[in-house]
Amino acid sequence: MGEPSEEIIERLQTQYRFKTSTQIILLVIFMLIGYFALEYSPIPMMLETKIKVFVIYLALIFPIIIKTENRYTFSIAMGLYGAASIVIIIWTYETIFVAEQPVIGLYIAFLEIILVELLHHIGVEIVPRGKQGYIVGVALTIVFFVALATFLIYYGIPILILVGVPLSLIFLYAILPERKI
Amino acid sequence: MLVEYLIPIIIIMFAVFVIIGWKIASVGSNLEKVIDVIVEHFIDERRFTIAKLKEYSDLPEPVIEKQLKKLVNKGILTTSKGGWYRLKDPLVFLTEKDYIRALRITRDDNILYGAYQHPYFLHIYFLGIYGLFLTIVAFTLAVYFNLLPSVRAYLISVLPGGENTLPVFLVFLIAFGIVFVDALDNIIKGWAKERYSVIIGELSGISYDQSLSDELSGRISRGHITGVDIQISPLQKLFNYFGDYPIGDIVVKVKGHKKPIVFKNMPYPREMFFVIRTLMLGSLGWRKRHARTLMLWRAKGLVPSIKSE
């Protein structure tokens, strides 16, 4: 065995993961699988829908497959997040959005969850550690609670409190900064 | 939306967020300068103050303080009363509370590696996280495609707006499933590593918790380590390829013990293995040589390019 010093630093992260070239090949394979799955899908889809699904699919698989951590891969992951976010907003607005009072709140709560969790998926903590993090966390939770309340108020104040408060607390707990290791 | 509009919007958003990502991932020259001063002058010091750092840096005190705060938030430095800072070794992943506990119990030893073993991690994790989420998705799809007609009819009857509201409610259900799974992920990880600390000290050897309420009662002194080995199961290997951080089991053979002691699902097992090996060999040179790279890695979560020596 060689001197441990070099091995410690060289083996940091990289030895556990696939080689960068293998990661890229895997990504291309998964992209092709996604493409063919959409192209030959039994559910008929318009070209716009296929593009939207593909962009979201790519934003989801990229951080899972590409484990080489550097400024380039992080920037690409962020770019895919931006692209997937706008696609989700456009798509859901076009297909499921109903301009009625209670549903608008539910839709906003849905978008907030998806955008925060997608950011979390690519490894960005929207809520940083420390005081600032708690302020951001509480502000996001208040937005979530108000959005949810506009839907739950339809069922009355007791249901709003019994359902809205626990769901908001779960939301807050989920977005608080966590230690990965 | 038409493809002619959709594609340019996607490209613009991609480009804007690539630029944002590029800015976020930059280390920052001030942070780099502060790290350089710490590595060059204070790596072997027990503790230091901002005033001491200022002697070796041309940065103003508030700027140094801001950078030190960042390093504290990233878990690289720890603070104590009187404005003292202390450098943690880069392979110490303990919480502030557990780090102080480790220092107290090892009598202020130089802690080279500190992390939590996750004895039950993988099975509970995969079952809890993916099992639950897949159940929520399956339920939602079953309701949407009318495979559960009574549930669908009930939801339509109670939702304001009836059938029009159902799709929004179902996508919200999936989204909240993600939040619930994320919260559960926090609980499982928090619970799994609650007190199963494993600490490797320069002089104290390996100290570890044997139960949830333990206070590092497990001890293996340096001289009693007769062998060390890494074991990575196929499930751990799969997790390492695609998971957040690598894990593996570390097997330590101890003089006088028939059975080796196994530390389950340790983060960065190869690094832990080499720390134990260096402890056995009594060589800590790697720590000094690679401190800068390791600190930058911990500060940004990104591995900087490594120059081979």
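In chain B, strands E4 and E5 form a hairpin, with three residues between them. Strands (E, at least two residues) and helices (H or I, at least four) are DSSP runs, numbered from the N terminus. This is a predicted model, in which local features need pLDDT of at least 70, side-chain atom pairs count only at pLDDT 80 or more, and totals for chains, interfaces and linings use all residues. Residues are numbered from 1 along each chain as its sequence is written, while chains are lettered from A and ligands numbered from 1 in the order in which they are written.

**The sheet of chain B**

- Four strands of chain B form an open sheet in the order E3-E4-E5-E6, with antiparallel pairing. Two strands pair if DSSP finds at least two bridges between them.
- E3 and strand E6 (218-220) of chain B are the edge strands, and each pairs on one side only.
- From one strand to the next, the twist averages 10°.
- Strand E3 (residues 111-116) of chain B runs antiparallel to E4(B), joined by five bridges. In this pairing, B:Ala115 stands opposite B:Val198 of E4(B).
- Four bridges join E4(B) to strand E5 (residues 205-208) of chain B, also antiparallel. B:Ile200 has B:Ile206 of E5(B) as its bridge partner. B:Gly201 stands opposite B:Gly205 in E5(B).

**Strand E4 and its cover**

- Strand E4 (residues 197-201) of chain B has five of its five residues buried, so it is largely enclosed by the rest of the structure. A residue is buried if 20 or more other C-beta atoms lie within 10 Å of its own, exposed if 12 or fewer, and partly exposed in between; C-beta atoms are placed from the backbone.
- In a regular strand the side chains alternate between the two faces of the sheet.
- B:Ser197, B:Ile199 and B:Gly201 are buried on one side of E4(B), and B:Val198 and B:Ile200 on the other.
- Helix H5 (residues 96-105) of chain B lies across E3, E4 and E5 of chain B, at about 130° to E3(B). Axes are lines fitted to C-alpha atoms, for helices over the stretch in contact, and angles run from 0 to 180 degrees between N-to-C directions.
- Helix H10 (residues 269-281) of chain B also lies across E3, E4 and E5 of chain B, at about 145° to E3(B).

**Nonpolar cores**

- The largest nonpolar core has 48 residues. Such a core is a set of buried Ala, Val, Leu, Ile, Met, Phe, Trp, Tyr and Cys residues joined through C-beta atoms within 7 Å.
- Elements giving two or more residues to this core include helix H4 (71-95) of chain A and helix H8 (166-192) of chain B. H4(A) gives the largest share, 11 residues.
- Another core, of 31 residues, lies apart from it; B:Leu94, B:Ala115, B:Ile200 and B:Met272 are among its members.

**A loop residue: B:Pro260**

- B:Pro260 is found in the loop between strand E8 (247-254) and strand E9 (261-267) of chain B.
- B:Pro260 counts as partly exposed because it has 14 C-beta neighbours inside 10 Å.
- Leaving aside neighbours within four places in sequence, B:Pro260 is in contact (C-beta atoms, placed from the backbone, within 7 Å) with B:Val251, B:Val252, B:Lys253 and B:Val254.

**Domains of chain B**

- Domain 1 covers 88-118 + 193-291 of chain B, and domain 2 covers 122-181. These bounds come from an automatic or database domain assignment.
- The centres of the two domains of chain B, taken over C-alpha atoms, are 42 Å apart.

Technical notes:
Two residues are in contact if their C-beta atoms, placed from the backbone, lie within 7 Å.
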